[in-house]
Amino acid sequence: MSITDFASALNGRDFLALYDYTPEELGYLLDLGDWLKKMHKEGKPHKLLEGKTLGMIFQKSSTRTRVSFEAGMVQLGGYPMFLSANDLQMGRGEPIKDTARVLSRFIDGIMIRTYKHSDVEELAQFADIPVINGLTDSLHPCQVMADLMTIREHKGMNLKGVKMTYIGDGNNMAHSLMVGGAKMGMDVVIASPSGYSPEETFVNQAKEVAEKTGGSVLITPDIELASKDADVMYADVWASMGQEEEAKERMAALSSYQINDELLKKAAKDVIVMHCLPAHRGEEVTDSVLEGPHSVIFDEAENRMHAQKAVLAALM
């Protein structure tokens, strides 16, 4: 497909899960993100969404998601409209489908950050405009687009055969990293303790994708096996937003699933360390690793904006 064909094929689509996109479509979005980053760094205008409005629904708060979407939308020439749970009738019982249909009459796209993935799917089902998943309890596709963009910057454009190891809870990040990495032909390893493995649905999706792309997916409790010769090491918090009541139990179960200097010695010499932030230093990752020479965590945070701008520009 040509660039024009890709732009036409993606316009008007939802962005709910990486599984819904082909490796070629994701590659196009990553290339577009690279170009938008270059334009921004060089101070060149790129107002591809002039006159367009993005509604940003936040039922879960966030620093990076709000600021990166809001700044990105302004740089694209559009207008970002922040909508907290308190600003919407959804918070007072209005059906999601009614909110979807009404917002579709006013604005050009919706980004939603919420708890239940089924809520995002229902919003997209009834909206006539693109719906972008800014995070659910099941998936975090925008974060993984920024992650893939960052890995390409440090490991080269072809990610086939690159080993990415995620250490910790088999949560929404593990789900999206498995599928996103498999789409790129990467070898993805998830190391989680018993009871905290990723959901079978997403493991099966990732393995199905990996069979087609030449990648692989391995789920194991063995962090030393998982870390051996890893090109990318990835950590996330042990207790995410909404899991505060489980924090003590999670800390006990995940206490040895930490990326530290000793574990890093098992990885490749030029391994990069990633984290979607916010980080709990001394828990899932040590301060010395987070601040150390292998860390690309703040490159990764920066790329949230550029990767999301690509999604916005292509879909809206």
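User: Which residue of β8 does Y166 stand opposite?

Analyst: In this predicted model, strand β5 covers residues 163–167 and is joined by four bridges to strand β8, residues 232–235, with the two strands running parallel. Y166 belongs to that β5 stretch, and the residue of β8 that it stands opposite is Y234.

User: In what order do the strands of the open sheet follow one another?

Analyst: The sheet has five strands and parallel pairing, and neighbouring strands are turned against each other by 20° on average, direction ignored. Its edges are formed by β7 (216–220) and β9 (272–275), each of which pairs on one side only.

User: What angle does the direction of helix α6 make with that of β9?

Analyst: Helix α6, residues 141–155, packs on this sheet and touches β5, β8 and β9. Of these, β9 is an edge strand, and the direction of α6 makes an angle with that of β9 of about 165°.

User: Is the crossing of α2 past α13 left-handed or right-handed?

Analyst: Helix α2 (residues 23–41) packs against helix α13 (residues 297–315) at an angle of about 115°, their axes lying 8 Å apart. Residues in the contact include L29, L32 and L36 of α2 together with M305, V311 and A314 of α13, and by class the contact has eight nonpolar, four polar and four charged residues. The way in which α2 passes α13 is right-handed.

Methods:
Residues numbered from 1 in each chain as written. Predicted model: local features only at pLDDT ≥ 70, side-chain atom pairs only at ≥ 80, totals over all residues. Heavy atoms only, no water. Axes fitted to C-alpha atoms, helices over the stretch in contact; angles between N-to-C directions. Left-handed = near helix turned anticlockwise from the far one by under 90°. Contact = heavy atoms within 4.5 Å. Nonpolar A, V, L, I, M, F, W, Y, C, P; charged D, E, K, R; others polar. Pairing = 2+ DSSP bridges.
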